[in-house]
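Here are my notes for you to read beside the structure. Keep the view open and find each residue as you go.

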Amino acid sequence: MQPLCTAPTLKTERLILRGPERTDLQPFTRFMTSAPSMLAQGETITAEQAWFGFLTGVGHWHWHGFGFFTVVEQQSGDPVGRVGLIKHSNWPDIELAWHLFEGAEGKGYATEAGKTVKTWAREDLKLDRLYSYIDRDNTKSQAVARRLGASTDGTQAPHEPEAEIWVHPMGRD
């Protein structure tokens, strides 16, 4: 499948992180419209909104030189989520973010991919700081952030009232 952007391909012991491809739209749409984690947070969207969100993700790579990687399990070849860097126009800083598709949670994929993205951001993009904006009630994402070395003092994200700002140190992992 032809990539939709110039994202690098990164590999971990169990995962391949690559740029989005057209075939990724279907699992992304399924996640955004009906995943239990999205339903629980009241954050599901329509299929049309998912399409626009997917294209926004592709555009991030072209505009910023970074974006969401599609996370693929090496053994099965199946996409298991998205992990990457985002910065929307009204956001104060670059966010390290992760979304795992249904059935991929609890396997350490977000942490494994997040560490790889942090290393890429530090070494290739020369970024000295990353943030995650995590909902106060999202204890699973907070646990991932802690495993990635991030911490919060409880400061509210200015662009997202229910989220706290988590700061990621960019030293060696």
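Predicted model: local features only at pLDDT ≥ 70, side-chain atom pairs only at ≥ 80, totals over all residues.

1. Helix α3 covers residues 47-64, which is 18 residues. From its first C-alpha to its last, α3 reaches 25 Å. That is close to the 26 Å expected at 1.5 Å a residue.

2. Which residues of α3 are buried? They are Ala50, Phe54, Gly57, Val58, His60 and Trp61. Look at the spacing of these numbers. An α-helix has 3.6 residues a turn, so residues three or four places apart point the same way.

3. Next, ask what the buried residues of α3 pack against.

4. Glycine 65 comes just after the helix and takes a positive phi of about 85°.

5. Now take α1 and α3 as a pair. Two packed helices are described by the angle between their axes and the distance between the axes. Here the axes of α1 and α3 come within 9 Å. They cross at roughly 125°. Angles from 65 to 115 degrees count as roughly perpendicular and those over 145 as roughly antiparallel, so α1 is oblique to α3. The crossing of α1 and α3 is right-handed.

6. Which residues make this contact? From α1 come Leu25, Phe28, Thr29, Met32 and Thr33. From α3 come Ala47, Ala50, Trp51, Gly53 and Phe54. By class, the contact of α1 with α3 has seven nonpolar and three polar residues, and no charged ones.

7. Move to strand β4, where arginine 82 lies. Is arginine 82 buried or exposed? Its relative accessibility is 11%, and buried means under 20%, so arginine 82 counts as buried. Leaving out residues up to four places away in sequence, arginine 82 touches Phe28, Phe68, Phe69, Val71, Ala97, Trp98, His99 and Phe101. Phe28 is also one of the α1 residues in the contact with α3.

8. Compare sequence and space for arginine 82 and glycine 114. They are 32 residues apart in sequence. From C-alpha to C-alpha, they are 9.9 Å apart in space.

9. Finish with lysine 126, in the loop between α4 and β6 (130-135). Lysine 126 is not a glycine, yet it has a positive phi of about 60°. Its relative accessibility is 64%, and exposed means over 50%, so lysine 126 counts as exposed.

Technical notes: Residues numbered from 1 in each chain as written. Heavy atoms only, no water. Helix = DSSP H or I, 4+ residues; strand = E, 2+ residues; numbered from the N terminus. Expected span 1.5 Å × (residues − 1). Buried < 20%, exposed > 50% of the residue type's maximum accessible area, 1.4 Å probe, protein only. Contact = heavy atoms within 4.5 Å. Axes fitted to C-alpha atoms, helices over the stretch in contact; angles between N-to-C directions. Parallel < 35°, antiparallel > 145°, perpendicular 65-115°, else oblique. Left-handed = near helix turned anticlockwise from the far one by under 90°. Nonpolar A, V, L, I, M, F, W, Y, C, P; charged D, E, K, R; others polar.
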